[in-house]
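Here is a short report for someone meeting this structure for the first time. Please keep the sequence and the 3D view open while reading.

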Amino acid sequence: MEVQAVMTPTAPHLNGLKGDFDPVAIVRAEPLPPVVAAENGVHDDAGGAKQKEIVLGRNVHTACLEVTEPDANDDFTGDKDAYMAGVLARYRNNLLERTKHHLGYPYNLDFDYGALSQLQHFSINNLGDPFIESNYGVHSRQFEVGVLDWFARLWEIERDEYWGYITNCGTEGNLHGILMGREVFPDGILYASRESHYSVFKAARMYRMECVKVDCLTSGEIDCLDLKKQLLANKDKPAILNVNIGTTVKGAVDDLDLVIKTLEDNGFPQDRFYIHCDGALFGLMMPFVKRAPKVSFKKPIGSVSVSGHKFVGCPMPCGVQLTRMSHIKVLSSNVEYLASRDATIMGSRNGHAPIFLWYTLNKKGYKGFQKEVQKCLRNAHYLKDKLRDAGISAMLNELSSTVVFERPHDEEFVRRWQLACQGNIAHVVVMPNVTIEKLDGFLEELVEKRKVWYTGSGVGEGVAASPPCVAVDIGSENCDCGLHK
């Protein structure tokens, strides 16, 4: 029998490389390729020049910081380090200025984490399941589980009955909660009020879920009469609901008890619905508000999420997501590479965030948060009353620190105070760092600007005859326009 020699390919051929391969060779430094820019602007498909479209804000490339290569002798001169130090110093001053005029977004900017600077030299990653340690040892699971236990007590669920993790942002909490609902009820329909955060509808697109938008009351709260109508139109399929514990624009709190009653009264027993509670901002505030309805796992809810960079005041985006242990089994899977399990959205997670949250929870505790909630609600009522006294349309929901008012006429004013706007309305979210002095400064400037914006004649560039009517948005009783004054 003739035996043929078998040629074993060398490593370079296995990798598709031709010729000799030196694994320690260093590539000679080449200049960076030039940025290719179309002449006379951006070209369309036909080759003609057209203006670059800018939507909702300013093009960031008009103010970008270019990355440049260091000079060959920079190790000796230190010019690059000096340049970057100057850029960072100017950026810090800009942050200080922008923080002074920050009112429109729900971020607590009152914090001091100097004690944690000693940990910034470590790459802390809580990849995988928070409750099962992986082979990667530079983690902060012990802090993460401590934070989760704290929220489990807040939302009334026993340690052995919940599963959760520290997310990379509030949106991830919604993505996970809605994914849990989809996994429990693969043929379920997602119901969410029209004023739900956009991440809810993003989740519906990502998961290819049928989504029904439910009408809202003027307050921004879900309209349970319309919810009933939509449920009855789809009675053959389970219901997955997003319940807002504080809507994005108006700070409205959906009536969780009424939502549950609406489900059960219309042929949806507890084994045919899943409720995710989006408590991004107010999920941590509401437990400390008298007369506020409870968000509790003692009720038939499936999951709750809250943002960590909002009321808590974490310096990086993060959040907390809790669900029932009985639900997580359908999503969790073993990952040999990690020597752990994983049921999270992102896998790798910021290991610093749980430490920041743990630090704040220990420092403030329930009593500290209670004081801050009371301060925010008191200051929000102060702002609303001052706006109305000045003849400015304004609304404040009973359980909220989000003051809604007529949209300022000047977009430069909107940008200066970093106001969040929608249609004819804008809002200020009163957070722990927002003082009476800051609100007074904002009010004084707004009142002065309105004297310029609204002359009664409507003559001149940037001048309107009168403030907009916002009765449709916040109710005629809160509107101070010429018709409803």
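The model is predicted.

**Spaces**

Start with the inside. A search of the whole structure finds one cavity of 30 Å³ or more. The largest cavity holds about 30 Å³ of space. Its lining is made up of Ile245, Val253, Asp254, Leu256, Met286, Pro293, Lys294, Val295 and Lys299. Six of these lining residues are nonpolar, none are polar and three are charged.

Now turn to an open space. The second largest pocket holds about 380 Å³. Tyr91, Leu95, Leu96, Arg98, Thr99, His102, Tyr107, Leu109 and Gln418 line this pocket. Here the lining splits into five nonpolar, three polar and one charged.

The table sets out the two spaces.

| Space | Volume | Lining by class |
|---|---|---|
| Largest cavity | about 30 Å³ | six nonpolar, no polar, three charged |
| Second largest pocket | about 380 Å³ | five nonpolar, three polar, one charged |

**Cysteines**

A disulfide is a covalent bond between the sulfur atoms of two cysteines. How many disulfides does the count come to? The count is zero.

Take Cys481 as a case. The closest cysteine sulfur to that of Cys481 belongs to Cys479, at 3.5 Å. A disulfide needs the two sulfur atoms within 2.5 Å, so the sulfur in Cys479 is too far for a bond.

Is Cys481 buried or exposed? Cys481 is buried, because its relative accessible area is 5% and the cut-off for buried is under 20%. Cys277 is buried too, at 0% relative accessibility.

**A helix residue**

Where is Glu411 placed? Glu411 sits in helix H12, which spans residues 411-416. Its relative accessibility is 35%, so Glu411 counts as partly exposed. That value lies between the 20% and 50% cut-offs. The side chain of Glu411 also makes a polar contact, at 3.5 Å, with the side chain of Arg407.

**A pair of strands**

Strand E4 covers residues 189-193 and runs parallel to E5. Four bridges join the two strands.

Strand E5 covers residues 211-214. Which residues form its covered face? They are Val212 and Val214. The uncovered face holds Cys211 and Lys213.

Definitions and conventions. Residues are numbered from 1 along each chain as its sequence is written. This is a predicted model: local features need pLDDT of at least 70, side-chain atom pairs count only at pLDDT 80 or more; totals for chains, interfaces and linings use all residues. Side-chain values use heavy atoms; hydrogens and water are left out. On a 1 Å grid over the protein atoms alone, a cavity is a set of points where a 1.4 Å probe fits but cannot get out, and a pocket is an open set with protein on both sides within 12 Å along at least five of seven lines; lining residues have an atom within 4 Å of a point. Grid points are joined across faces, edges and corners, and a volume is the space filled by probe spheres set on the points. Ala, Val, Leu, Ile, Met, Phe, Trp, Tyr, Cys and Pro count as nonpolar, Asp, Glu, Lys and Arg as charged, and the others, Gly among them, as polar. Buried means under 20% relative accessible area, exposed over 50%, partly exposed in between (1.4 Å probe, protein chains only). A polar contact is a pair of N or O atoms within 3.5 Å; within protein, one must be able to donate a hydrogen and the other to accept it, and residues adjacent in sequence count only if both atoms are side-chain atoms. Two strands pair if DSSP finds at least two bridges between them.
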